[in-house]
Structures are given as structure tokens and as C-alpha cells.
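Reader: Could you take me through this model with questions and answers, giving the cut-offs behind each term as it comes up?

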Amino acid sequence: MTAIAVSVPAHRRTGWQKLIGFNMLTGILLGIGGWFLGQLIGDHITGQNIAYYSTEAGQNDIAILLGYFLGVVGFLVGMGFANYPVKRLLGYPPALAERESEAGGLFRYFTLSTDHKVVAKQYMAGIGVFFFVAGLNAMLIRTELLQPNVHVFGANQYLTLVGMHGSMMLGTMTSGLLGPFATFLVPLMIGSRRMAFSRLSSFAFWLLMAGEIILLTTVFFGGFQTGWTGYQPLASQGTAGYDAYIGFFALVGLSMTLFGFNLVVTITTMRAPGMTWSRLPIFVWSAYATAWLMMLAAPMLIAALLMAAMDRTIQTSFFSPGNGGSGYLFQNLFWVFGHPEVYILALPGMGIVLEIMVVFSRKPLWGYRLAVAGMLGIAFLSWFVWQHHLFVSGIDADLRPFYMLSTELISLPTGFIFLCAMGTLWRGRIRLTVPMLFCLGWMFNFLWGGISGVFNSDVPSDVTTHGSYFVMAHFHYTIMGGLIFGFFAAIYYWVPKMYGVKLNERLGKIHFWTLIIAFNSTFAPLFALGFMGMPRRVVTYNPAWQGLNDWVTVSAYVIGLSMLVFLFNVIWSLAFKREPAGANPWNSKSTEWQLPTPVPVHDFEEIPTFSADPYPYGVEPAPVAASMRTAVREEV
Amino acid sequence: MLSDARGPRSGDNGPRHWRNVVVLWTIASLIMVPIVVWVIGPGLPPGNGTVEASGQVTDNTVLLAIATPVALAVLVYLAYAVWAFRERTPEVFVDGPAIQGNSSVQFWWLVATTVIVLFLAGYGSVRMLADGAGGGQGPSPIATPAASEGKPVIVQVIAQQWQFTYRWPQYGGVETSAIDLPTNSLVKFEVTSLDVIHSFWAYELGVKADANPGIDNIAYVTTKGPLAFHVRCAELCGVWHGYMFNQGRVVPKAQFTSWITSQRQADAATTKVLDPFSKTYYPQPLRRGG
């Protein structure tokens, strides 16, 4: 294994000296400074008229939003994102090889790194942390619902927990699959040494982290009571905690836009010779379809939130009925973003499942073109369905048959993905490894998510299910049953390549079986609760439903336990056991597994040439990338 | 390309697997579809309290009856594939056959799913356009009841944080906090809000309509016999959203008339000082805290 160490810094710092310079510590310090500067300016702007500009007595929304903005700017400057543009502006030559080396060890994970593999691991850790925080919120929500009346949290804390769980899960997991896995794998799979815009990769990641911290600060300002959808005009009367929601989702939106843009450019322009569109691994296709959605949908969210921020601070009235505004405007803008958003969550999972099923069925992907058509079809159709969230909203009803049709049409391309997965299993040699189990679990769960979606898309049926626990169960089946199962499949499958270490198989199987049983035991009863008439986001409910709710809560705790098994597995395998995985533990024929483990800093010694389909199973000899395979063989 | 001559599994290449999957799926569907239609179907929400609610039960049953064989196809296939095609010699890595796809399977899959989807969309649209299915249709409804059903009883539902009140324009504009409806009558709900978005969900009536400030959201329902129903708010509307519920009744016409008359008399003094009846209201913004 040769690590190509280029551009080792001339003066290597040691110990505490490392802390001086552009890194996370500096970023946090400047970020705090920026927050106080924002407060100062905000107070100066409002002056004596504070009551006019604030939604709550004593809260200065202008100061809070300015504080968040300058705090983020300070953080990013401290991280070193201003260095390159400032140097260029001042006429100095830019330092191109910023920290792109293995020098620095663990420390480089706390800096601006332009190595896509480092950014991927940063994503993995950052997303992991906030995934667990958001999951913990869900445990607290379920604890409150053990009894039909308020008994642990007050109504306000409860709604804040609900809003934080939803926002943090949605905001974090939009980058949850592509962040770690596409950043790591797309360059390897297409034969590139980097993402198209390396610094932008890092920028998108640190923006996301800044956003997460801002969301957490909501607890200091009274929380927010709007759920993750943040509907107006409720949001305009909300406490200052809603400013944190605005800051969080605006940064998530920006991060998504930039990340999507980066992926689209990378996949379009950075493919190695011979890597034609019809040879792209299916995961890259799913990343491509998703990236377009991220790039085009998230700006809609940013615009809506900017208008919300203006309504709250400088007293515009975009969403204020009676003053020329409309709550529908927010609902429309939000869901024009929000519906592509749910496919941003689902599509990478589909790519991962197909990619992994191929390896553990040891067959080529069945119906490659159909799978691609499915992904692009979903991405395209997802723009035309958003008003199914507003079937009973009182928006003019003429287009309802259209939205019913478009929503149901989206099950056609989704059906393609299912057919391709099923065809890949056909007469394969199926190995029930942990990643494969999670893929099969994905199919099982997503099936119910899709079937229940038909009820929501049908107007007569939606009259009952809309806004009820049925919808809640539906999107947990698609997002948790789809995205999260894809997430774990990808973790068990690719961690050996990313970290060079195997995860324990037995613990993985315990994790899978407890998770899938507890997951279904948690969310299947929610369909029933919705059918019985339990609305979403209520802190109290009909005492007749307590039995089912308690069952759900206990099952949710078991989900929590299975996550602890996973956490233990990760810590045990990565920090203590460290059983080396070897270059290709799964005997996969995909490109990334032909590289040595750990992947060298610059990935490929020479840019490979591709000459065959991505899944050469059942064909001898396996022609992956001729030049690259030779290189690996020599090393072995 | 590898041939299928792989010794112990050489029997796999015949149509036997197809036949097995189809037979298993047919048996499972023959068992499950009748159960869904005749056992589960009648228990589906929201019950048979009104014409619209019964319609929704029918729709839910139809959707479930169509979904059942589709779901069973995937489940039976998955279970069968994992059982029949699992690797029996995991020590050695052997590839499966290099099947790239099958255009006739793809074609017929596309045809079958398209037919199902178009049927569902067509069926849903027809059902919705027939009577509005109890959903809120906005200020100018596209599914209006036939003239033969007579003049509807008009109930204005006014939502505010955190209660529903009901205003009766045909009865002098009296505003009540309880709701009774006459049996066997066409009822027109006009749902609006004074502050934020709420949603008027009368579960047993099969009615749901969002209450937006400044919007008159119309939903129709035709009552049948006497019924007690729950009203809940189905759109997050602030801190006490969970407490925004009450109950109503569908009562015989004579009882309804005496109830609304007594309400009218009891509230006569209050009615005088209310704003005149209007499709929507713009109160002074109240900062009741979200």
C-alpha cells in the first residue's frame, strides 16, 4: 500500500501549536464573537423601537438573526474559508494544496480539508452525532406519549421536541447518504481524484454543522411550536426560538444547493476515459438524480425562509393574511421544496440498495436502463406533486385530479426500482450478509411506505388520513424504513473501505433484527392510530388509545436499544478491535473495491480507463478498469 | 458468459421457479383479498355515519383490495427468492448467471403498473368529483351536491387558538360553542379561521377542511341517522393544539330545531354585539403566543 504523500507542510507543528491557525477551535471562537457583534448591531438598529420589531416582548429578532448570520460568517472565516478568496484579491498566489495530505492525523478532521475522503468521514461523524441527537428527541416524544395527558414535559417543550426531531432528522439526513457516501465514492467510482470543487465540499459540510448548532440554540429562546414544516402565519407569532429554525433550514438549504451543484458538475465533467453514462454505477446515477433535486429545490426553501425572516423582523407581510399576504404562499413554496426533498431522502437509498444487492446476489444489475429511468423519472415527477400536501387546505380544488394522478404516477418509476431489485435477486447466489439484510429490510419497509402512500394520494381517502398518525406512519416507513435502512446498509458495506476496519458481523445481525422488528412494531400501529382518528403533533390524546400508544413507545425504546448495539459495534470495531478489512472483503467487482485500503490520498496512481459495464458478474475475466487492476495486482 | 451448468443447481434454469412464485402468490391473494374486502373492509375508517363517510370506507376498501395482491406479489417473491436462491456454499465465491434484464418482463410490468395507477387515479377522481368526499374544497367548490338534495344547512366553522365555534347564518347568525346537526340533511360547512391555520376534522362525519384566516373553505356532508362525532384540530396551531377538540351530535330534525331555537334565544344578547355574519373575518391581531 503506497500512500502518496504530497505537499507535506514544510513546518510541521506539534501539540498545542496545532491549535493555532485556521481550524474548528478558531472557528468556534470567531463564531461566538460574530454572535455578539450581531447582537450589538441588532440592538443598535432597533434602538428604542424594539417592541415594533419583535414577536415577543424583550426578544429582538433582528439581533438574533444578525447574530446567527455573523456567527456563521465568523465560524467560516475561522475555519479558513476566506483564505483563498482573500489571497486572490490581494494578488498573492493561491495555496492550492490546502491540507491535502495524510499529515496531521486525526487533527485534519477538524479543519478545512480538500480531500474528499476526509470530508466524507467528517460528514459521517457529524451526521452520526446529530442523527443520534434527533433520535433521542424521538425517544423523549414517545416518553411523553406514554400517558394521554401531560406528564413529563409541558405542551411547549413537547412541541419543541417534535419540531427539533423533525427538523434535525430532515435537515441532517438530506445529506445523510450523499454526504458520507457520495463524497467518498463518487470520485472513486467515476475514476476521478477529487470532487469538482474540493473546497466547496468542505464548505457545504461546515455550513451544515453550523446550522445544526444554531438549531440546538432554539432551546435558549423558548423553542418553536411549528413542527418541521414551520407553517405561516403560526410561525410569525412564534417565540424567538423560531429564528433558530430559520437559521438552521436556510443553512441546510444552502449546504444542499452547493453540495448538489458540486455533485452534478463532478459527475458531468470528471468521469474518467471510458466511463460513459451507460457505465456509471447505479449509485452514481442515484446521486446524480438527487443532486439535481438538491440544487434546484433547496433555493425555494431559502427564499421562503428569507421571507419569513423579513416578516418577523422588518415587518413585511408576505405571509400575513389581511395585509396582502397569504399563508398559502408559504405552504406552496415550502412544499415545492418539500416534495422533491422527500425524494432527495429516498433516491440515494435506492441507489445504495441496488448497488449492494448486485454484490451479494453476484449478478449484474437486472435492467440497468430501467433503474436509471426509474431514478430520473422519480426526480422529474417529484416536481409535480407538491399540492397533494394541500388536498383539504382550501386552495382552489380544480387541480386536485391532476395532483392525484401525478402523485400516483410516481409509483411507476418507483416500481421500476423494485422490479430491478427483484430481478437482480432472480437466480442469484444470495449471501445474507449484514448489508444485504438491510437492503432486503429496505424493500420490505419501503413497500409498506409506497402502499400507504396510495391512500394519502387518493383524495377521498386522504380526507381521513391527512394530518393524522397515518401520514406520520407513512413517511416514517419511507424515510426511516427507506433512508435509514439504506444508511445502515451503506455503513456496513463501505466502512471497511472507508476506515479499513470490519464491523462485527454478529453485532450487525443483532442490530438488524432488533431494528427491523422494533421498527415495524413501532410504526405499523401508527397506521391504526391514524385510522382511528389521532391527529399528529398532539400532546394529549383520547385515553382509549393509550394501550396502542404505550405499545408504540416501548417498541420505540427497543429501536433506541438497537441503535445502542450499533453504537457499541462502531466503537468496539473502530476504536478497540480494529480487525483489518483488507482491500476487498466482499469480493466485490466494483471499482472502489479494486483500490487498496486505505485509499491513497490521491486515489489513483494514474487515472483509470474503463472499458466495460460496471457489474461484470458471471463474465470471465472481469474487465473492470484495465490499468487500475494491474496496479493493484502488482501491489498484492 | 457463465453457463448454468453448475452441478447441484442445474435444475434452476427451468420455469419451475416462475410457476412456484405465481402459484404461491395466487394462493396468498385468494386468501387475503376476501379477508381484506369482507373482514377488514367494513372496519375501515371513518365508519358509516354519513354518506361521505360511507363513500370513504368504500374507497379505502377498494384501495386496500388492489394494494393487497401488489404487496403480496413483492413479499411472496422476496421470501421465495431469498429461500430458493440463497448461497449454499458460502465458502466459495461463485457468480450467478449474467442476466442483464428481460424486455418482455419489463414491458408487462410497465403495462400492469400503468393500468393499476391509471385506474386508481381515475377512480379517485370520479369519486371525489361525485360529492367532494367530505374534503374542504376552497371558496368555489368543484364538486357540489345535486339540486335535488335541497338547500343545505349552512354551518360556519370558526377556528381560533384554541377552539372551534359554529355560526348559523340561517338562524340569525347565532354563534354556538357546541354543534348539533339534523339527520338526513345536506350540510354545508364553511370553514375559516381568525388567526393561524387550523383544520376542522369531524372524524365520524368524514369531513376535513383546513381553516385559514381570510379563506372560506367549503365542505359538504350529507348526514344519515343519529350519531355522536368528534371534532379535532388536524393542523398544528400552537401550544394547545392537542387540546383543541370537542364533540358534536347528529340529532333528529325536530330536536335540532328546538336546540338551535333555544341557542338563538339564549345568545340573543351576544349575537347583537357580534360582527355581522361574513365569509371571513379579520380581527385585530392577537398575540396569544404560539
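**Burial, helices and backbone**

Author: P364(A) is buried, because 25 other C-beta atoms lie within 10 Å, where a residue is buried if 20 or more other C-beta atoms lie within 10 Å of its own, exposed if 12 or fewer, and partly exposed in between, with C-beta atoms placed from the backbone. The model is predicted: local features need pLDDT of at least 70 and side-chain atom pairs count only at pLDDT 80 or more, while totals for chains, interfaces and linings use all residues. Residues are numbered from 1 along each chain as its sequence is written, and chains are lettered from A and ligands numbered from 1 in the order in which they are written.

Reader: What percentage of the residues of chain A count as buried?
Author: The C-alpha trace of chain A spans about 75 × 60 × 45 Å along its principal axes, and the chain has 22 helices and zero strands. Of its 636 residues, the share that counts as buried is 61%.

Reader: How are α19(A) and α20(A) oriented to each other?
Author: Axes are lines fitted to C-alpha atoms, for helices over the stretch in contact, and angles run from 0 to 180 degrees between N-to-C directions. The axes of α19 (residues 505-532) and α20 (residues 546-577) of chain A come within 8 Å and cross at roughly 155°. Angles under 35 degrees count as roughly parallel, over 145 as roughly antiparallel, 65 to 115 as roughly perpendicular and the rest as oblique, which makes α19(A) and α20(A) roughly antiparallel.

Reader: How many nonpolar, polar and charged residues does the contact of α19(A) with α20(A) have?
Author: Ala, Val, Leu, Ile, Met, Phe, Trp, Tyr, Cys and Pro count as nonpolar, Asp, Glu, Lys and Arg as charged, and the others, Gly among them, as polar. By these classes, the contact of α19(A) with α20(A) has 19 nonpolar, eight polar and no charged residues.

Reader: How many residues of α15(A) are buried?
Author: Helix α15 (residues 411-425) of chain A reaches 21 Å from its first C-alpha to its last, close to the 21 Å expected, the expected span being 1.5 Å times one less than the number of residues. α15(A) is followed by R427(A), whose phi is positive, near 55°. The helix is mostly covered, and its buried residues number 15 of 15.

Reader: Is Q315(A) buried or exposed?
Author: Q315(A) is not a glycine, although its phi is positive at about 60°, and its place is in the loop between α11 (282-313) and α12 of chain A. Because 12 other C-beta atoms lie within 10 Å, Q315(A) is exposed.

Reader: Is A133(B) buried or exposed?
Author: A133(B), in the loop between α3 (103-131) and β1 of chain B, has a positive phi of about 55° although it is not a glycine. With 31 C-beta neighbours inside 10 Å, A133(B) counts as buried.

Definitions and conventions: Helix = DSSP H or I, 4+ residues; strand = E, 2+ residues; numbered from the N terminus.
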